[in-house]
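Colleague: I would like to learn how to read this structure feature by feature. Please give me the general idea each time, and then the case at hand.

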Amino acid sequence: MEEAKPCCHHGKPAAAPVLHDADAIYTCPMHPQVRQKGPGSCPICGMALEPETFTLSDAPDPELTDMTRRFWVSAVLSLPLLVMTMGGHFIPLLPHNTLLFQLALATPVVLWGGWPFFVRGWASILSRNLNMFTLIAIGTGTAYTYSVIITLWFSGQQDVYFESAAVITTLVLLGQVLELKARAQTSHAMRALLDLAPKIAHIVHADGTEADIPLAEVQKGDLLRVRPGEKIPVDGTVAEGSSAVDQSMITGEAMPVEKGAGDKVTGATLNGTGGFTMRAERVGAETMLAQIVNMVAKAQRTRAPIQRLADSVAGWFVPVVLLVAVVTAVVWWFYGPEPKIAYALVNAVAVLIIACPCALGLATPMSIMAGTGRGARAGVLIKNAEALETLEKVDTLVIDKTGTLTEGKLKLIAVVPHNGFDEMTVLRLAASLERGSEHPLAAAIVRGAEEKKIALASVTGFQSVTGKGVTGVVEKRKVALGNNALVNVPDTLGKHAEIYRAKGKTVMFVAIDDQAAGFLAVADPIKATTLEALRLLKKSGLHIVMLTGDNWTTAEAIAKELGIGEIEADVLPDRKGEVIRTLQAKGFKVAMAGDGINDAPALAQADVGIAMGTGADVAMESAGITLVKGDLMGIVRARRLSQATMHNIRQNLFFAFIYNTLGIPLAAGVLYPAFGLLLSPVIASAAMSLSSVSVIVNALRLRSVDLED
């Protein structure tokens, strides 16, 4: 027997395949507490359940397939019924001669096409969770049953409503198809996003040979070749070579970013004209692309607090509608013209159909789905709908300085020589000395020397003096680097250094052979987009507070440069959350933006936590919103997205409420005594479907909302 071959290049089993829809856990977007294995409908609201975890399966949605088939069959059978009914106005004998034919056409439409509505309606009655399907089932069931009785037992002596029952069923099916298609569009968008990743990767083996392998077989630690013009397969670090990478798909950043050895690269971004090798670090579900898709999928299933309004209305709405329908039937039965039973039935059914709260149920979830999808394309990842809603109400933004306002990476700003020494000598000796230190300031100095292509020398006698600096011997010269306590600083040099300190720079003095040779100025540069972002945030009405562990002098210098009026400096990590609580106690609605591990408690404490995507994973876990690119312009986009989404939700709820408020009295016949106007059940059904479509179309406008202006 042939020996079994391994299914991946490592000789290990490949990762388990993605679950098919039938095996996944499904949940209701309206009622997340409802969870079951495999597809189905929610026992509370009757909506189709959605998979809890996004999958790459491109199999058609079974619910959509089923509803589409029922709709087309019902539409074909309902059309002759509609023609017969309309023809009956011109050929009086036609309806009576074709009652059995109408029964034959309407029966499969109502009992097969509308069967899911009867199942859901009956389930809603048994569970006492009355919903839109309760009204549809009662309305169509009543019209159909009445027509069958008249046809079989009373020889068509009264009007029948086969066409109403059939056409209503068909229109409701159309509404379901449109709703399911709209909800599926977001999944298609997410799947298209995942499809941006390349299908294969070029692995470089230990012996230098290369081979193409499926992306799913790439494992952590693999060395991969990325050729010019190709997409980067997974997240990792450049090992050798350099190129410019187009990261717009992930960050929205238009300009390509230069990448060299040691720089991070992200899967699915587009390599430029250079080639390089990279070490795979995050693969499969761990890649940023997969995490973005997963976060968006989860956010789309969460419920905004405003949804409680729709839920509370729906809770009493259906029982009230049933009561109104009964009252309508009774009033027409006793006070209406002949044939009283026909008027009573038609108007009661019209009330039931036009009052279906499907538009009300779609108002919030559709906007949340469209809004979170739009945010993902702009590099704004929404963790839950509550964060998206709350951000609109925020009036105070607390911003951590390091890594949020600034780059979070110290940089050598200036080398100021003194006492006859030249700039290159001071930097070369200082950087050579600092190469033996692990301090962040030392790393900035060494990087600064490397950028200037300065060759560093070896150090002997290296010594770190606590609280003062470092000393050692470089090229037989005694070198010291540190503060005033380590270096004897002349007044002229000290005054010059104060100018840099007043601008928020950190100064370190250099002594060569016991003579003051100058100083180095190191700073954490402010991000290029920070000033413009702060201007726009202030313009939107936000009060800005800068939070930092730096000393007051440095903090005030940076705050002055950025035009920030309120500062919290010398704040230890465990006090950051306390600052947020103090502001909240004063009645402010607070958002906190940060990127570090020490920001996590404050991000969790804030009404909305906003994490920089370039920061620590724990910060992103603690935040409700993550900015992929990691700059403050992302907050501007997030706030505009929040405002646009909430405005859209309020429009949808207004449409739904106004529609039902005006539609129910009209269907009940309040205009009949004065104007002789009645609303047929078919027109009521068309209006009900149109209201749902209007909500869907309005929500989908969010997919193209402009977040830049």
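**Surface, strands and a loop**

Modeller: Let us start on the outside, where L323, V326, V327, V330, V331, W333, F334, Y335 and I341 form a nonpolar patch on the surface, with about 930 Å² of accessible area together. A patch is made of residues with over 30% relative accessible area and no salt bridge, like charges being joined within 9 Å and nonpolar side chains (Val, Leu, Ile, Met, Phe, Trp, Tyr) within 5 Å. A salt bridge here is a side-chain nitrogen of Lys or Arg within 4 Å of a carboxyl oxygen of Asp or Glu, and accessible areas come from the Shrake-Rupley method with a 1.4 Å probe, with only the protein chains shown counting as cover for residues.

Colleague: What should I know about the origin of the coordinates and the numbering?

Modeller: This is a predicted model, in which local features need pLDDT of at least 70, side-chain atom pairs count only at pLDDT 80 or more, and totals for chains, interfaces and linings use all residues. Residues are numbered from 1 along each chain as its sequence is written, and side-chain values use heavy atoms, with hydrogens and water left out.

Colleague: Which helix gives the largest share of the nonpolar patch?

Modeller: Helices (H or I, at least four residues) and strands (E, at least two) are DSSP runs, numbered from the N terminus. Helix α9 (residues 307-335) supplies the largest share, eight residues, while I341 has its place in helix α10 (residues 340-354).

Colleague: Is I341 buried, partly exposed or exposed, and why?

Modeller: Buried means under 20% relative accessible area, exposed over 50%, and partly exposed in between (1.4 Å probe, protein chains only). I341 counts as partly exposed because its relative accessibility is 33%.

Colleague: How many residues of helix α12 are buried?

Modeller: Seven of the nine residues of α12 (residues 385-393) are buried, and the helix is therefore mostly covered. The buried residues are A385, A387, L388, E389, T390, L391 and E392.

Colleague: What do the totals for the protein look like?

Modeller: The secondary structure comes to 24 helices and 25 strands, and 52% of the 709 residues count as buried. The accessible surface is about 32200 Å², of which 60% belongs to carbon and sulfur atoms. For contacts, meaning heavy atoms within 4.5 Å, residues 24 or more positions apart account for 67% of those with a separation of 6 or more.

Colleague: In what order do the strands of the six-stranded sheet run, and why are two of them called edge strands?

Modeller: Two strands pair if DSSP finds at least two bridges between them. The open sheet has the order β5-β4-β6-β12-β7-β10, with antiparallel pairing; β5 (210-214) and β10 (264-265) stand at its edges because each has a single partner strand, so that one side of each is left without a neighbour in the sheet. Inside this order, strand β7 (residues 235-241) and β12 run antiparallel and are joined by six bridges, and G236 has A280 in β12 as its bridge partner.

Colleague: Where does T287 lie, and is it buried or exposed?

Modeller: T287 lies in the loop between β12 (276-282) and α8 (288-301), and it counts as buried because its relative accessibility is 10%. A polar atom of its side chain lies 3.2 Å from the backbone oxygen of G284. Leaving out residues up to four places away in sequence, T287 touches V234, D235 and R282.

Colleague: Which strands pair with β20?

Modeller: Strand β15 (residues 411-417) runs antiparallel to β20 and is joined to it by six bridges, with A414 opposite A521. Strand β19 (residues 506-512) also runs antiparallel to β20, joined by seven bridges, and there V510 stands opposite G518. The hairpin of β19 and β20 has two residues between the strands, and in it D513 takes a positive phi near 55 degrees. Strand β20 (residues 515-523) is mostly covered, with eight of its nine residues buried.

Conventions. A polar contact is a pair of N or O atoms within 3.5 Å; within protein, one must be able to donate a hydrogen and the other to accept it, and residues adjacent in sequence count only if both atoms are side-chain atoms.
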